[in-house]
Amino acid sequence: MAREFEFKANLIAKFGQNLMWIFFFLMILFVVYGKTNSIAGWDRGDAFVLAATVFLMNALFNAFFFSLQEIPQQIRMGTMDFVVTKPMDTQFWVSTRKFNFDQIGTIFAGCVMIAVGIHTARLETTPIQWLAYLCLLLASTAIFYAFNLAMMTSAIWLIRVDNLWVLGESLVGVARYPVDIYGAGLQRFLTFVVPLAFLATAPARQLVKGFDAAAVGEGLLWAIVVLTLSRLFWRKAMRSYSSASS
């Protein structure tokens, strides 16, 4: 907090930037649903819930794990040496060193959007649906974290991979739309091969389509698998790390 408030204008500008990003995407939804009532079975209220889920997942990731993008710079400058010599887990340190305060506004806006979407779609949700939604939201954040950790960890061998961060943002852009708009084969691919469906569509379905225990189980399983693989990849990378300063 002390770090962020050193430059108050910058913090306020980042809050505004995030809110404008949400505003412009909502304008796209209004334009699209001004011409039709439903897209692949998702009406305007459902689309609001889906968009809010994307914003919440991305905001949670950027709030708690934003420091991942500093890994390539630390490797390139040799400051990773000070991390590996600390008496604590290196993955934990590089993942959670900074909390990104400007995402608080996005989290709040996402919660408001969910409420608006549920009201617009006239959904009657149950506690079990909300529990399933929260479980899959955390699972989607874990999946997205593991993906970004693996990309940034590749800097151990490739050095300059800073721009790969944009690839993660591209995934968020794709996740803003329901996988139902794709063909059956691609839907299965995005569910069982590349878990893109679990970034937003699967959590949102728990509220707009009803409780689905199988989807919850699949999402949690995917989260465990990718977190385990990213952990193994990080440990392998640390064994290959050689100091840039000595």
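1. Start at Ser-67. Its side chain reaches the backbone oxygen of Ser-95 at 3.0 Å. The model is a predicted one, so read this distance as computed from predicted coordinates.

2. Where does Ser-67 sit? Look in the loop between α3 (44-65) and α4 (71-77). Ser-67 has 2% relative accessibility. Buried means under 20%, so Ser-67 counts as buried. Beyond the residues up to four places away in sequence, Ser-67 touches Val-94, Ser-95, Thr-96, Arg-97 and Lys-98.

3. Next, the core. The largest nonpolar core has 68 residues. Leu-29, Ile-71 and Met-80 have the most contacts inside it. Helix α8 (residues 127-153) gives the most to this core, with 13 residues. As general background, nonpolar side chains in soluble globular proteins tend to be buried together.

4. Ile-71 deserves a look of its own. Setting aside neighbours within four places in sequence, Ile-71 is in contact with Met-80, Val-94, Leu-149, Met-152 and Trp-234. Met-80 is, like Ile-71, among the residues with the most contacts inside the core.

5. Now follow α8 to its partner, helix α12 (residues 201-208). Two packed helices are described by the angle between their axes and the distance between the axes. Here the axes come within 8 Å and cross at roughly 175°. Angles over 145 degrees count as roughly antiparallel, so α8 is roughly antiparallel to α12.

6. Which residues of α8 and α12 meet? From α8 come Gln-129, Trp-130, Ala-132, Tyr-133, Leu-136 and Leu-137. From α12 come Ala-202, Pro-203, Ala-204, Gln-206 and Leu-207. By class, the contact has nine nonpolar residues, two polar and no charged ones.

7. Asn-58 belongs to helix α3. Is Asn-58 buried or exposed? At 11% relative accessibility, Asn-58 counts as buried. Leaving aside neighbours within four places in sequence, its contacts are Trp-21, Phe-144 and Val-172.

8. Last, check Arg-122. Arg-122 lies in the loop between α7 (104-121) and α8. Its phi is positive, at about 55°, although Arg-122 is not a glycine. Relative accessibility is 71% for Arg-122. Exposed means over 50%, so Arg-122 counts as exposed.

Terms used
Residues numbered from 1 in each chain as written. Predicted model: local features only at pLDDT ≥ 70, side-chain atom pairs only at ≥ 80, totals over all residues. Heavy atoms only, no water. Core = buried A, V, L, I, M, F, W, Y, C linked by side-chain atoms within 4.5 Å. Buried < 20%, exposed > 50% of the residue type's maximum accessible area, 1.4 Å probe, protein only. Helix = DSSP H or I, 4+ residues; strand = E, 2+ residues; numbered from the N terminus. Contact = heavy atoms within 4.5 Å. Polar contact = N/O pair within 3.5 Å; in protein donor to acceptor, adjacent residues only side chain to side chain. Axes fitted to C-alpha atoms, helices over the stretch in contact; angles between N-to-C directions. Parallel < 35°, antiparallel > 145°, perpendicular 65-115°, else oblique. Nonpolar A, V, L, I, M, F, W, Y, C, P; charged D, E, K, R; others polar.
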